[in-house]
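Here is a friendly walk through one chain, for reading with the model open beside you.

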Amino acid sequence: QTLSSLMLRQGSLFTALVLSHRVSEPRLTLGLGCSGRQKWLFTILPQRCTRPSQPACPQLSALNMLQARAHSTLPFASGSFNQNHFIKEAEEYATEESSKLKLALTFACQALSAKDQLLGEKDQLLGEKEQRLREMVSEKDQRLGEKDQRLREMASEKERHIRNLEHQLLQTEKDNLLLKARNEAVLGSRIVLEIGLASCYPTLGNATDRYEKLRDDHLLDSGRLKSTCTIATKGGTSPADVFKTLTKKHGFRDDVKGVAREAKDLYHELSKDMHNLAQFLPDQEGIYVGGREPMATMLAIAINQLQQAGHIQFDVFPLSGIDSTQSCKLQRNGTVV
């Protein structure tokens, strides 16, 4: 039957002092236990077991405690306590355990070092992979940029080629128009306006865009005919003044609001009356433009503005109405006679 047990620890060395007795044979046993190993140092049979006068101090080392109890409190009946042998075995065991701990610590440090090395190699591989991906993306973006640049250059070259073809076609039509006008009356409402627009805005894509640019910049101001000439470099006659000349001196219809409204879609309205107007052309040779009112007046004003800027360099005869014989001349220098 165990009465009491005292456990003390110093480093890796454990000591145990066990007090036990039996009813028939009281006995005091002093032993050393180390991680499951136990060596019995001696056994004595006392007449009476007395406890130490003072309890063991926690700060007292295990070896000092055993030595104190062996010399002062334990009445030896037989045998003797070999202190040097005990200390030697304890030191050997402590050295052995310390070596094992050092070896285990070395293995743990090596494992941590290997782990850190693997993590470092992994981070390096990830960095290299990320760098390769960035280089691939950069190279791909560069190739796409070069491809886009080539496509833009091809599109620009194509547009220039198309404009050159249109210019050549327009020049051919102009030459044919002037050649025919030497010997007969020729209707050229659309072609005359296109010649002037192409000369005024050569970089714009089509005739519709060119006319809208002319209308907004030089013909209308807030829905009304401009009162100043903005297309000519040195003054000139404004659209409003040309309208007055056509209506007051040459019999064109005096409908200023209708003329301004007609300016909105003038270019697309030109072809509606071409067939009917061709039947009423005068016998006098020349280039004629016009049609129903108020479109005829607005067309004459637009052509006059282009003549003043030097974009139409030949004379034109405007007609007011389909069956009208009244006409005047829009001279190449921008005057109306």
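This is a predicted model: local features need pLDDT of at least 70, side-chain atom pairs count only at pLDDT 80 or more; totals for chains, interfaces and linings use all residues.

- After H5 comes Gly251, which has a positive phi, near 75°.
- His250 belongs to the loop between H5 and H6.
- Is His250 buried or exposed? His250 is buried, because its relative accessible area is 13% and the cut-off for buried is under 20%.

**How H3 meets H9**

- Two packed helices are described by the angle between their axes and the distance between the axes.
- For helix H3 (residues 189-200) and H9, the axes come within 10 Å of each other and cross at roughly 35°.
- The H3 and H9 crossing is left-handed.
- By class, this contact of H3 with H9 has eight nonpolar residues, two polar ones and no charged ones.
- On the H3 side, the residues in contact are Ser189, Val192, Leu193, Gly196, Leu197 and Cys200, and on the H9 side they are Leu299, Ala302, Ile303 and Leu306.

**The nonpolar cores**

- Which residues touch the most other members of the largest nonpolar core? They are Val192 and Leu193, in a core of 48 residues.
- Two or more residues of this core come from each of these elements: helix H2 (83-181), H3, H4, H5, H6, helix H7 (266-269), strand E8 (286-291) and H9.
- H9 gives the largest share of this core, with eight residues.
- Leaving aside residues up to four places away in sequence, Val192 touches Leu177, Ile287, Val289, Ile303, Ile312, Phe314 and Val316.
- Another core lies apart from that one and has seven residues, among them Leu187, Leu277, Leu281 and Tyr288.

**Backbone spots worth a look**

- The peptide bond that runs from Glu293 to Pro294 is cis, and its omega is near 5°.
- Pro294 is part of the loop between E8 and H9.
- Ser222 is not a glycine, but its phi is positive, at about 55°.
- You can find Ser222 in the loop between strand E6 (220-221) and E7.
- Ser222 counts as exposed because its relative accessibility is 75%, where the cut-off for exposed is over 50%.

**The chain as a whole**

- Nine helices and nine strands make up the list of elements in the chain.
- The chain has 337 residues, of which 34% count as buried.
- Take the contacts between residues at least 6 apart in sequence: 57% of them join residues at least 24 apart.

Conventions: Residues are numbered from 1 along each chain as its sequence is written. Side-chain values use heavy atoms; hydrogens and water are left out. Helices (H or I, at least four residues) and strands (E, at least two) are DSSP runs, numbered from the N terminus. Axes are lines fitted to C-alpha atoms, for helices over the stretch in contact, and angles run from 0 to 180 degrees between N-to-C directions. A crossing is left-handed if the near helix is turned anticlockwise from the far one by less than a right angle, and right-handed if clockwise. Contact means heavy atoms within 4.5 Å. Ala, Val, Leu, Ile, Met, Phe, Trp, Tyr, Cys and Pro count as nonpolar, Asp, Glu, Lys and Arg as charged, and the others, Gly among them, as polar. A nonpolar core is a set of buried Ala, Val, Leu, Ile, Met, Phe, Trp, Tyr and Cys residues joined through side-chain atoms within 4.5 Å. Buried means under 20% relative accessible area, exposed over 50%, partly exposed in between (1.4 Å probe, protein chains only).
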